[in-house]
Amino acid sequence: MKKEVHYHLSKQQLNRFNIISLTLAGHLKIKEAADQMELSERQVMRPLIKPIVRK
């Protein structure tokens, strides 16, 4: 039997998660994601690249 895992996210965290998901899926460019989250492109790229670099 699998345990269900629940996450509690603020609206801002949920919004960022959705934008990053769309970026990973190729529906948004990094520049568009950065503009929507009011971050620099480099700040948006960090969570996208970090898991790859750690392997």
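The side chain of Thr-23 reaches the backbone oxygen of Ile-19 at 2.8 Å, which falls under the heading of a polar contact, a pair of N or O atoms within 3.5 Å in which, within protein, one must be able to donate a hydrogen and the other to accept it, while residues adjacent in sequence count only if both atoms are side-chain atoms. The model is predicted, so local features need pLDDT of at least 70 and side-chain atom pairs count only at pLDDT 80 or more, whereas totals for chains, interfaces and linings use all residues. Residues are numbered from 1 along each chain as its sequence is written, and side-chain values use heavy atoms, with hydrogens and water left out.

Thr-23 lies in helix H1, where helices (H or I, at least four residues) and strands (E, at least two) are DSSP runs numbered from the N terminus. With a relative accessible area of 10%, Thr-23 is buried, a word that stands for under 20% relative accessible area, with exposed meaning over 50% and partly exposed in between (1.4 Å probe, protein chains only). Not counting residues up to four places away in sequence, Thr-23 touches Leu-28, Ile-30, Ala-33 and Leu-48, contact being heavy atoms within 4.5 Å.

The chain as a whole has three helices and zero strands, and 16% of its 55 residues count as buried. The axes of H1 (residues 11-24) and H2 (residues 30-37) come within 10 Å and cross at roughly 170 degrees; these axes are lines fitted to C-alpha atoms, for helices over the stretch in contact, and angles run from 0 to 180 degrees between N-to-C directions. H1 and H2 are therefore roughly antiparallel to each other, since angles over 145 degrees count as roughly antiparallel, under 35 as roughly parallel, 65 to 115 as roughly perpendicular and the rest as oblique. In this pairing, Arg-16, Ile-19, Ile-20 and Thr-23 of H1 meet Ile-30, Ala-33, Gln-36 and Met-37 of H2.

The largest nonpolar core has eight residues, namely Ile-19, Ile-20, Leu-28, Ala-33, Ala-34, Met-37, Val-44 and Leu-48, and such a core is a set of buried Ala, Val, Leu, Ile, Met, Phe, Trp, Tyr and Cys residues joined through side-chain atoms within 4.5 Å. H1, H2 and helix H3 (41-54) are the elements that give two or more residues to this core, and the largest share, three residues, comes from H2.
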